[in-house]
Structures are given as C-alpha cells and as structure tokens.
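We will go from one selection to the next.

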Amino acid sequence: MVGELEEAEFPELFRSYSENERHWRARREFILRNLPPDWAGGAPRPAGRIDQLLSLSMVWANHLFLGCSYSKDLLDKVIEMAEGIEVEDVPQFTTRDEIMKKVTIQFRISELALWG
C-alpha cells in the first residue's frame, strides 16, 4: 500500500468531477484495497497498472450504482476485487431479460385466459 500520508492524497487525484461523495467513497476504497503491495512509499507506479485499476474501479462503480452490464468474466473479477466493501443503499436494477420474462409470462397468462 502507499504510505500513510500519500494514502489520503493519492486516490483524490482520480476522483471524477461529477462523482458524488457516496460513489467516490466506495470507489476510493476499491482503489486502495487493490493497490499492489509493492507501491509502498515512494515506489514507482507504472502508468499501465494504475490505468487498469482505475478502469476496473469504474466498471465496479458503474455496475453497482448505475446498473451497467459487462461480460461475466469482467464482472466476476471486479466483484471479487470488491469483496468486503460495504456500500449502503445500493439501487436495485431489473435487467432486460427479467423484464422480457415477466412480459412473456403475462402474455401467456392472458392468452390462456382468452382460449381457456
């Protein structure tokens, strides 16, 4: 992990202008939990690794707060990385497949009522 003083400042460099406090706190924790251990203190930080971590943090936050969908492998990876992070009042989303299943069932029930 980064040094104590830097730990407080380092992630703030990556906060999005439009990111609200609740979303940022969760994403910040994701970033801090997943920083490679060799980044302690003044160790060099390869740009590619931080870019990947920031991208994964955005995938997780977008999925969690906005209901965005991604490939199963990617979601499995970010959910594993976020294990143990507690976020209150997470919105519940209905997927297109869930909506279509409900509509199909309602249609079939209506169809049975007409012909039954």
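Start with Lys72. With a relative accessible area of 61%, Lys72 is exposed, because the cut-off for exposed is over 50%. Keep in mind that this is a predicted model.

Asp76 and Lys72 form a salt bridge, with their closest N and O atoms 2.8 Å apart. Both residues lie in helix α4, four residues apart, about one turn of the helix. An α-helix has 3.6 residues a turn, so residues three or four places apart point the same way. Asp76 has 38% relative accessibility and counts as partly exposed.

Stay on α4 and select residues 72-81. Which residues of α4 are buried? They are Leu75, Val78 and Met81. These residues sit on the same side of α4, because they cover an arc of only 130 degrees around the axis. Turn to the face pointing away from that buried side: Lys72, Asp73 and Glu80 are exposed there.

Next, move to helix α2, residues 21-34, and select Arg27. Is Arg27 buried or exposed? Arg27 is buried, at a relative accessible area of 2%. Show its surroundings. Among the residues Arg27 touches beyond four places in sequence are Phe14, Leu54, Trp60 and Ala61. Glu19 is also a contact, and the side chains of Glu19 and Arg27 meet in a salt bridge of 2.7 Å, N to O. Both partners are buried.

Ser57 is another contact of Arg27. Select Ser57, in helix α3. Ser57 is buried, at 0% relative accessibility. Beyond its neighbours within four places in sequence, Ser57 is in contact with Arg27, Phe30 and Ile31.

Go back to α2 and pick Arg28, then Glu12. Their side chains form a salt bridge, at 3.2 Å from N to O. This pair links distant parts of the chain: Arg28 is in α2, Glu12 is in the loop between α1 and α2, and they are 16 residues apart. Arg28 is partly exposed at 22% relative accessibility. Glu12 is partly exposed too, at 37%. The salt bridge count for the model is five.

Last stop: the second largest pocket, with a volume of about 150 Å³. Select its lining, which includes Ser16, Glu19, His23, Met58 and Phe65. Which helix gives the most to this lining? Helix α3, residues 47-66, does, with five residues. By class, the lining has four nonpolar, five polar and one charged residues.

Methods: Residues numbered from 1 in each chain as written. Predicted model: local features only at pLDDT ≥ 70, side-chain atom pairs only at ≥ 80, totals over all residues. Heavy atoms only, no water. Helix = DSSP H or I, 4+ residues; strand = E, 2+ residues; numbered from the N terminus. Buried < 20%, exposed > 50% of the residue type's maximum accessible area, 1.4 Å probe, protein only. Contact = heavy atoms within 4.5 Å. Arc of directions from axis to C-beta. 1 Å grid on protein atoms, 1.4 Å probe; cavity = no way out; pocket = protein on both sides within 12 Å on 5 of 7 lines; lining within 4 Å. Points joined across faces, edges and corners; volume = space filled by probe spheres on them. Nonpolar A, V, L, I, M, F, W, Y, C, P; charged D, E, K, R; others polar. Salt bridge = Lys/Arg side-chain N within 4 Å of Asp/Glu carboxyl O.
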